[in-house]
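User: Hey, I'm new to this one. Can you walk me through what packs against what?
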Amino acid sequence: MADSRQVVDALVRARRSGIAASAALGGLALIGGLAYRALRGAAPPEKGGPDFSKVDEDEARLMLRAMVAATIADGMVDTAERKRLDAAVAGAGLDSDGRAWLERELESPAEIDEIAERVNDPDAAARIYTAARLAIDPDTLQERQFLKMLAEALDVPGEATARIERDIPA
């Protein structure tokens, strides 16, 4: 399978609205910057700050699993979500094994607790939540409930989720 970081990056870039569409630094950097700002209430320093594009494969895989789970939270993948997934698959150069993995995840997405139990760091928790939020336009009750439950399971503070919501245009 292609590097999970590439798939996460491509999924974020496939989003055609506002801040995500203009992610010149890449999807991972966008996720990291939004999560940093959400937790700290301020943008990261321009010089000497963290390099948000450097995410290890395990965290990227968790982000991807959270993004897929968010996408299927309402029990279906709508047309816009499917287009984003297809664009990300093409953009990441996903091989047949990767495509099969993604289809299996769509058929049987990770449970919230399964994702949360692997996260021990508040920054990683905020990044994973941000990735899940960027994966969808939470236009159903089930999607909004999924995000709320994910934030709670990851222990992402309410103020941070509100900042993420504010920074990600509909």
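Predicted model: local features only at pLDDT ≥ 70, side-chain atom pairs only at ≥ 80, totals over all residues.

User: Which ring does the charged end of Arg61 sit over?

Analyst: That would be the ring of Trp101, with the charged end of Arg61 5.2 Å from its centre.

User: How many aromatic pairs are there?

Analyst: The structure has 1 aromatic pair.

User: OK, helices now. At what angle do H4 and H6 cross?

Analyst: Roughly 50 degrees, and the axes of H4 (residues 57-71) and H6 (residues 96-107) come within 9 Å. That angle makes H4 oblique to H6. The crossing is right-handed.

User: Which residues make that contact?

Analyst: From H4, Arg61, Leu64, Arg65 and Val68; from H6, Trp101, Leu102, Glu105 and Leu106. By type, the contact of H4 with H6 has 5 nonpolar residues, no polar ones and 3 charged.

User: And what about H3 and H8, how do their axes cross?

Analyst: The axes of H3 (residues 27-40) and H8 (residues 122-135) cross at roughly 120 degrees and come within 8 Å. H3 and H8 are therefore oblique to each other.

User: Is that crossing left-handed or right-handed?

Analyst: H3 and H8 cross in a right-handed way. H3 brings residues including Leu30, Gly32 and Arg40 to the contact, while H8 brings Pro122, Asp123 and Leu134, among others.

User: How do the residues of that contact divide?

Analyst: The contact of H3 with H8 has 9 nonpolar, 2 polar and 3 charged residues.

Conventions. Residues numbered from 1 in each chain as written. Heavy atoms only, no water. Axes fitted to C-alpha atoms, helices over the stretch in contact; angles between N-to-C directions. Helix = DSSP H or I, 4+ residues; strand = E, 2+ residues; numbered from the N terminus. Parallel < 35°, antiparallel > 145°, perpendicular 65-115°, else oblique. Left-handed = near helix turned anticlockwise from the far one by under 90°. Contact = heavy atoms within 4.5 Å. Nonpolar A, V, L, I, M, F, W, Y, C, P; charged D, E, K, R; others polar. Phe/Tyr/Trp six-rings, centres within 6.5 Å; stacked < 30°, edge-to-face > 60°. Lys NZ or Arg CZ within 6 Å of the ring centre and 35° of its normal.
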